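Dear colleague,

I am handing over the structure below for your reference. My notes on what was found in it follow directly after.

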Amino acid sequence: MASANCPAGDPAASPKHSNGHASPLDLIRRFHKLQTKRVEGYSQFEEAFNTFLGGAPVYDFNAYKQRVAEITVAFRQISEEIIHIKNSLKDTHNKGEISAIIEKIQDLEEVKLKSTADLQIARKNASDEPESDAIQQEISHLHQKLDDLAQEITDSLEDLKFESEDLYAQEIEDETSR
């Protein structure tokens, strides 16, 4: 069940800051875990599509549709929790720069998901019309777009790492002073 403090998970699982909220560093760590889950979701999405495509010429669209629906729910939950993290960093912890980077990553991930779905549609069309140059060009364009998005996401994750270095340094300092 979702809670007001942590919409897609157990609020007790996150250590609390002195103000009763998860610390900025804990939020960033949770964000990274959610990004890992998102990557796993893309693998599941690709696996489901390859299974679907492998059934040609008699496709099991219902099984594919069911699997995509499950993956979509997982992506939605991840997205909702990341939005909560972004808002908490901005509103509760006054970490606007970090929040803005997470928002950018979130926006890029939204485009990536749509582009991934577009690529799957194009690949399905190519399996039905293997001689179509237009479809092959579309596939090539979408692969390039996804490569560019992946690089932009990686760059943004590096920006997040750089912007949050002081939080990690503070944690080390706090641990050594105990």
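In these notes, a residue is called buried when its relative accessible area is under 20%, exposed when it is over 50%, and partly exposed in between, with a 1.4 Å probe and protein chains only. A salt bridge is a side-chain nitrogen of Lys or Arg within 4 Å of a carboxyl oxygen of Asp or Glu. Lys and Arg count as positive and Asp and Glu as negative, while His and the chain ends are not counted.

Please note that this is a predicted model, in which local features need pLDDT of at least 70 and side-chain atom pairs count only at pLDDT 80 or more, whereas totals for chains, interfaces and linings use all residues. Residues are numbered from 1 along each chain as its sequence is written, and side-chain values use heavy atoms, with hydrogens and water left out.

Overall architecture. The protein has 5 helices and 0 strands; helices (H or I, at least four residues) and strands (E, at least two) are DSSP runs, numbered from the N terminus. Of its 178 residues, 34% count as buried. Contact means heavy atoms within 4.5 Å. Among contacts with a separation of 6 or more, 73% come from residues 24 or more positions apart.

Buried positions. K112, in helix α3, is buried yet has no salt bridge. The nearest side chain of opposite charge is that of E109, 4.4 Å away. Apart from neighbours within four places in sequence, K112 is in contact with Y42, L146, L149 and I153. S156 belongs to helix α4 and counts as buried because its relative accessibility is 2%. Leaving out neighbours within four places in sequence, the contacts of S156 are I101, K104, I105 and L108. The C-alpha atoms of S156 and K104 are 7.5 Å apart, although 52 residues separate the two along the chain.

Salt bridges. The whole structure contains 6 salt bridges. One of them joins R30 and E81, with the closest N and O atoms 2.7 Å apart. This pair links distant parts of the chain, as R30 is in helix α1 and E81 in helix α2, 51 residues apart. E81 is buried, at a relative accessible area of 2%, whereas R30 is partly exposed, at 21%. A further salt bridge is formed by R123 and E46 (2.8 Å, N to O). Here too distant parts of the chain are linked: R123 lies in helix α3 and E46 in helix α1, 77 residues apart. R67 and E70 also meet in a salt bridge (2.9 Å, N to O); both lie in helix α2, 3 residues apart, about one turn of the helix.

Backbone and surface. Most residues other than glycine have a negative phi, and most peptide bonds are trans. A cis peptide bond joins A56 and P57, with omega about 5°, and P57 is in the loop between α1 (24–54) and α2. N94 has a positive phi, near 55°; this residue lies in the loop between α2 and α3 (96–128) and is exposed, with a relative accessible area of 66%. Finally, D159 is in helix α4 (residues 133–163) and is partly exposed, at a relative accessible area of 39%.

Yours sincerely
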